[in-house]
Amino acid sequence: MTSSEHSSAPEFNSRLERRRAFSTIFKNSCAILSWLCIGVLGFLLVHIFSSGWEWISFDFIKNAPSRMPHKAGLFSALMGTIWIIVTTAAIAIPVGVSSALYLEEYAKKNRLNSFIEINISNLAGVPSIVYGILGLTLFVRFMKLGPSVLSGALTLSLLILPVIIIASREAIKAVPNSIRLSAFALGATQFQTVFHHVLPAAMPGIMTGVILALSRAIGETAPILMVGAVAYVSRAPHGIMDGFTALPIQIYNWAREAKVEFEGLAAGGIIVLLLVLFMMNSVAILIRNKTQKAQS
Amino acid sequence: MTPVDEAKKTSEKELMNKRPKSTKPESKISSGDKENDLRNAELKGEGVVISYGSDQAVKGVDIAFPSNKITAVIGPSGCGKSTLLRAFNRMNDFILGAKVEGSLMYKDMDLYDKNIDPVEVRLRIGMVFQKPNPFPKTIFKNIAWAPQINGYTGDIAELVETSLKRAALWNEVSDRLHDSALGLSGGQQQRLCIARSLAMKPEVLLMDEPCSALDPVSTSHIEDLMLELKEQYTIVIVTHNMQQAARVSDYTAFMDSGNLVEFDETSTIFTNPKEQRTEDYVSGRFG
């Protein structure tokens with residue numbers, strides 16, 4: 001007899017050994033698949049660092065792009081990316097969080113609003129090139145903002161707004177209703193309840209959404225190419241109406257070059273892009289942890 | 001009446017007498033007092049109907065809560081007692097589809113008048129909830145927040161101290177006012193919530209099963225507190241705990257299926273109720 005020997009009652013055929021084996025197989029396949037992912041990522045990083053690291057230098061950061069690989073740098077692209085991402089954050093975070101607050105705290109639960117909600121989720125799935133075309137038509141041409149930092153940032157804001165709204169709404173929804181009720185019961189207005197209690201409590205979740213969204217925006221190439229980020233810009237933008245280029249575009253341009261040295265430059269650009277991303281996320285995580293601590 | 005019921009009744013009587021009302025010597029209300037109390041009641045509802053969509057939770061209740069007394073509202077789960085309580089400080093406003101009809105008055109204020117700001121209602125009529133729900137902030141901020149946003153002009157630190165003292169919590173927390181309120185025990189959290197309500201100096205205190213999540217020691221703390229508070233406040237407490245109603249309240253309202261079955265002095269409700277349903281409920285035969 002097998003495991004049925006130990007069964008408590010004869011009506012059960014518990015097949016414990018089989019179930020245990022299945023459990024183990026499932027656990028191991030999950031482990032294998034996740035390590036596969038991490039392995040590919042690790043390979044990518046190793047490959048990029050080995051071919052790009054030698055190009056990283058102070059000159060590489062401070063020089064303008066050049067036809068000669070040894071003189072080429074990404075100063076204008078790096079500054080362009082910083083300008084773009086800061087402007088995008090300044091636009092998308094207030095708009096996104098306000099929309100989420102409106103939908104969660106103020107809006108009546110009617111058909112129009114659930115229609116809006118569904119479509120925000122749909123917008124999160126629209127390909128970025130579509131936003132690029134929209135940005136070109138709306139911001140560059142119709143509003144006559146030209147191929148500027150502002151046009152690029154507005155376009156990227158549209159792209160990441162759905163992500164910020166969805167994440168913020170989830171965070172706001174997760175704030176226990178008892179906090180709202182006790183604030184109201186103490187004679188608070190809705191504004192006071194939302195700004196003193198709901199928003200601080202939702203902040204960690206909102207920051208997580210913001211991190212994800214900005215990380216996506218910083219790597220986007222298609223939409224900013226579409227609104228006219230130009231390939232060769234030798235100086236950094238000095239204002240939001242200046243023309244710009246960005247790191248992903250610079251990397252793309254170098255990767256297309258015939259000379260083999262440019263491949264190294266492209267890898268160096270990727271390292272810089274990853275570093276910027278990493279620093280940006282560290283700041284956001286710092287803010288998140290700080291607000292989390294204040295809430296406990 | 002069976003001997004068992006008889007025994008139950010005596011035990012309830014004993015329970016009532018076991019805890020002397022801490023501040024005042026025992027004084028039973030005479031029937032003349034009752035009429036007086038009801039005539040002078042400032043918190044009143046007439047023909048109160050509260051519905052959620054097509055469901056009527058409260059089906060036409062006339063009730064008055066005597067001033068400076070504790071009124072207990074008892075009844076089986078789902079009888080509408082919490083719903084009725086919440087209507088008196090406009091907390092049903094936050095429940096989707098809840099509709100309150102009839103007249104609810106505090107003094108000469110029509111609580112549901114279009115020109116009345118619900119914030120004003122809640123400033124005068126405070127509430128303590130079933131589950132302790134302190135803000136995830138420090139003990140100090142939990143109490144100071146509401147007075148501050150309402151433009152309190154006095155010394156805020158002093159207000160925090162007096163509120164905590166009145167809620168019998170000061171001695172336990174005076175050395176950690178700036179620690180998180182979430183580090184307190186359940187009973188302490190509930191007393192903090194009471195202190196928080198007291199800091200706003202409301203005129204009426206509504207308590208929705210304030211002890212249901214607490215152990216007996218914390219419960220007795222809060223009951224003592226209520227007996228002290230009724231000197232200055234009108235208190236309405238919804239409770240599932242019949243002994244608690246018997247111990248602390250002056251008047252008891254018994255509700256069933258959205259109707260007010262009986263309202264009388266607590267001693268009458270527990271010893272000599274007029275309605276059979278009340279008797280069945282307080283003697284534990286149903287509910």
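Trainee: So two residues are in contact if their C-beta atoms, placed from the backbone, lie within 7 Å. How many residues of chain B are in contact with chain A?

Mentor: 23 residues of chain B, and they meet 17 residues of chain A. This is a predicted model, where local features need pLDDT of at least 70, side-chain atom pairs count only at pLDDT 80 or more, and totals for chains, interfaces and linings use all residues. Residues are numbered from 1 along each chain as its sequence is written, while chains are lettered from A and ligands numbered from 1 in the order in which they are written.

Trainee: Which elements of chain B touch chain A?

Mentor: Four give two or more residues to that side of chain B: helix H4 (118–124), strand S6 (125–128), helix H5 (139–149) and helix H8 (186–199). Helices (H or I, at least four residues) and strands (E, at least two) are DSSP runs, numbered from the N terminus.

Trainee: And how do the residues on that side divide?

Mentor: 14 are nonpolar, six polar and three charged. Nonpolar means Ala, Val, Leu, Ile, Met, Phe, Trp, Tyr, Cys and Pro; charged means Asp, Glu, Lys and Arg; the others, Gly among them, are polar.

Trainee: New topic. What is chain A built from?

Mentor: It has 11 helices and zero strands. Its radius of gyration is 25 Å, well over the 19 Å that the globule rule gives for 296 residues, so chain A is more spread out than a compact globule. That radius is taken over C-alpha atoms, and the rule is 2.2 Å times the number of residues to the power 0.38.

Trainee: How much of chain A is buried?

Mentor: 37% of its 296 residues. Buried means that 20 or more other C-beta atoms, placed from the backbone, lie within 10 Å of the residue's own.

Trainee: What about chain B?

Mentor: There, buried residues make up 47% of 287. Chain B has 12 helices and 10 strands.

Trainee: Back to chain A. At what angle do helix H4 and helix H6 of chain A cross?

Mentor: Roughly 125 degrees, for H4 (residues 111–123) and H6 (residues 149–173), with axes that come within 8 Å. Axes are lines fitted to C-alpha atoms, for helices over the stretch in contact, and angles run from 0 to 180 degrees between N-to-C directions.

Trainee: Which residues make the contact?

Mentor: A:Ile120, A:Ser121 and A:Leu123 of H4(A), and A:Pro162, A:Ile165 and A:Ile166 of H6(A). By class, that contact has five nonpolar, one polar and no charged residues.

Note on methods
Buried ≥ 20, exposed ≤ 12 C-beta atoms within 10 Å, placed from the backbone.
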